[in-house]
Amino acid sequence: MPERPEGEVPPAGYIAPGAMTEFLTDDWGFFVRSARQYERFSSPYQTVEVHDTVPFGKLFRLDGCFMTSERDEFFYHENLVHIAAVTHPQPERALVIGGGDGGSAEEILKHPSIKSVTLAEIDLAVVDISRKYLQKVHHGALDDPRLALKIEDGFAFVRNSTEQYDLIVLDLTDAGGPSTQLYTPEFYRACAARLLPMGALTLHVASPVAHPERIRAALANLRSAFAIVSPYLTCVPLYGGMWMMACCSAQLDPRWMTPRDVERRIAQRGLSELQFYNGETHRAAFALPNFVRALVA
């Protein structure tokens, strides 16, 4: 790509030097410009990158896909964790599959009733790079004494475990590569067997605009394993905007919680360091537009 004179505005459609692109579909994507590349290497499982960016601060990528960043991680992690964790009357034991950046574990550990969090991450490189660069994502959670770190395959860990959990959080890359098996009915049923009766599993699903077929397939697989599957929406700037997540359980349904219920539990638990989640956003997450209602029906 030819160099342009300093200060000259590139023409429409021109992707500037240093722009990292991610495609949501073959015909649609977005970019973030890298101001500086801190790391880029191949682990045994995937290509790992950390960049500095103007809009997002330190930004973490795997196999060319944006995973998390310092400045927008709360859009993702708070909604992935607290919808279920606040609905649960007293979560004590949690399991995170993936999530080697520590962001999900950090949100879980904010709940004072939590006694232990097990984090099963297949790639040690993700944990190491997060300790080195992503302190503003995990805030020391990776070294919290309540956290047990397991460097192993998530499916094998769940299948071989005899532990029971109040919360399971699937903080995964999109389906493909090392995470392929973690999007199957077999894995969801294995997770359901590890939950206590009031326990819940949460996960991110996909963009309802870019990936409707992926959402249909994922919800069908989840409904084969859980009696209650509650899809909900949030916005994740680093993922291109509107994004679907889901809370799945035998008994727990976060749609029962009113904004006042949520605010009461936030206050009781001292969850003061929240940048996104509150009683109104909890209720709003389940207010699905008509095209999404049709998609998840």
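**Through the sheet**

Strand E10 (residues 165-171) runs parallel to E11, and five bridges join the two. Strands here are DSSP runs of at least two residues (E), helices are runs of at least four (H or I), and both are numbered from the N terminus. Two strands pair if DSSP finds at least two bridges between them. Between E10 and E11 the chain passes through helix H6 (residues 185-193), a right-handed β-α-β crossover. Right-handed means that, with the strands pointing away from the viewer, the path from the first strand over the helix to the second runs clockwise.

This is a predicted model: local features need pLDDT of at least 70, side-chain atom pairs count only at pLDDT 80 or more, and totals for chains, interfaces and linings use all residues. Residues are numbered from 1 along each chain as its sequence is written, and side-chain values use heavy atoms, without hydrogens and water.

Ile-168 has Leu-201 in E11 as a bridge partner. Leu-95 also stands opposite Ile-168. Strand E7 (residues 93-98) pairs with E10 in the parallel sense, over five bridges. E11 pairs with strand E13 (residues 241-249) in the antiparallel sense, over six bridges. There, Ala-200 faces Ser-249.

Why is E11 largely enclosed by the rest of the structure? Nine of the twelve residues of E11 (residues 195-206) are buried. Buried means under 20% relative accessible area, exposed over 50%, partly exposed in between (1.4 Å probe, protein chains only).
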